[in-house]
Amino acid sequence: MPSLSNLSLRTLKWGSTALLAASFCSTAWAQTPREAWHDALADGYATLATSTADLDQAATSYCATPSAERRQALETAWAQAFDSWQAVRFVDFGPIEQDNLAWQFQFWPDAKNTVARKVNLWLGSEQSIGVEQLKADSVAVKGFPALEYLLFDPLAAKAQPLPEERACELVTAISSLLQYNATQLQEQWQAFRPHYLGTEQFQNTTVLAAMHGLDILRNKRLAAPMGLEGKPRRNPYISDAWRSEHSLAGIRASLVGLQQYFLPGLRQLLSSEEGAELVERLDQQLTATVARLERQSADMQTLLADDDGYRNLQLIFIEVDKLNQLLSGNIASELGIIRGFNSSDGD
């Protein structure tokens, strides 16, 4: 084939035909919605596996040679790994359903403070601590909330404060189990690909997962602590990641996750003019909501403490509510999807 620089007027017609053919082939080989979703979520699970490996390394490094700098690095690694989990948290089907894996990453809601009780039982016992021992115990001691309690809750320091030996044994065992679970999840998602791509119902399942995730974010993670859902009183302690003052940052990570891992497939699915406009509106609303969260430096507990802070939360809630209306209303209607009960909705 001649180079473009050597094309003459005689070959222009041939070149145009070739370009049209190439365009046709490109369209024919374009990703299906499920292919786009699977590839995007594979990236999300890979990020989770990498960030939990970094967390495990930070825990090992801190406990081997404790210092203020390594403690800060460990806390930062926890936040980054936690955010990586939030980004893919909306996925409630496939490998994540096996062995209560989602609960092993994050036991929440925790109305009875089970995480603290289970961690303190381990700290106060003489049983050897390791990954295999944790695997046999409750999900409440296996994930990010248990590490958060050890790292950020002042009450955890009363018994076996870090970096004392037993607390460090528990921290490193939990971080190692998180890394193991994340690596298994990444591998299982890849193995799940043929079934996911070959099963038509996963198209609606993926959309419903995003709808459920956003609904839980609105109602349970934001409205409930604000007193707008359930009991009509402000209560930061029912939000997730309140001990680390990372509640709103976690919400932001979940919205970024929808933008990165859900929108690519949705764009493929809603390719009509009307559908593309809806996806663009959703993208713009996600961007606006994330930007508002980024401008908010204080976390949930501080904002709930006074009326000015509460008004800031109300503005965030309004933005999230717009997202919910777009996805569960306009977009679901365009796709003919009716939201049903989901086991992750909670009580």
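**A buried asparagine and an antiparallel helix pair**

Asn324 is buried, with a relative accessible area of 11%. The structure described here is a predicted model, and in it Asn324 belongs to helix H14, which covers residues 307-335. Once neighbours within four places in sequence are set aside, the contacts of Asn324 are Leu214, Asp215, Arg218 and Gly329.

A second point of interest is the packing of two helices. Two packed helices are described by the angle between their axes and the distance between the axes. For helix H3 (residues 68-88) and helix H7 (residues 144-152), the angle is about 155 degrees and the axes lie 11 Å apart. Because angles over 145 degrees count as roughly antiparallel, H3 and H7 are described as roughly antiparallel to each other. The crossing in which H3 passes H7 is left-handed.

Turning to the residues involved, H3 contributes Arg71, Leu74, Glu75, Trp78, Ala81, Phe82 and Trp85 to this contact, and these meet Phe144, Leu147, Glu148, Leu150, Leu151 and Phe152 of H7. Sorted by class, the contact of H3 with H7 comprises 10 nonpolar and three charged residues, with no polar ones. Among the residues listed are Trp78 and Trp85 in H3 and Phe144 and Phe152 in H7.

As for confidence, the protein chain has a mean pLDDT of 90, and 88% of its residues reach 70 or more. Two stretches deserve a friendly word of caution. Over residues 1-29 the pLDDT stays under 50, and the model shows two contacts beyond four places in sequence for this segment. Residues 341-347 also have pLDDT below 50, and here the model has nine contacts beyond near neighbours in sequence.

Terms used
Residues are numbered from 1 along each chain as its sequence is written. This is a predicted model: local features need pLDDT of at least 70, side-chain atom pairs count only at pLDDT 80 or more; totals for chains, interfaces and linings use all residues. Side-chain values use heavy atoms; hydrogens and water are left out. Axes are lines fitted to C-alpha atoms, for helices over the stretch in contact, and angles run from 0 to 180 degrees between N-to-C directions. Helices (H or I, at least four residues) and strands (E, at least two) are DSSP runs, numbered from the N terminus. Angles under 35 degrees count as roughly parallel, over 145 as roughly antiparallel, 65 to 115 as roughly perpendicular and the rest as oblique. A crossing is left-handed if the near helix is turned anticlockwise from the far one by less than a right angle, and right-handed if clockwise. Contact means heavy atoms within 4.5 Å. Ala, Val, Leu, Ile, Met, Phe, Trp, Tyr, Cys and Pro count as nonpolar, Asp, Glu, Lys and Arg as charged, and the others, Gly among them, as polar. pLDDT is the predictor's confidence in each residue, from 0 to 100. Buried means under 20% relative accessible area, exposed over 50%, partly exposed in between (1.4 Å probe, protein chains only).
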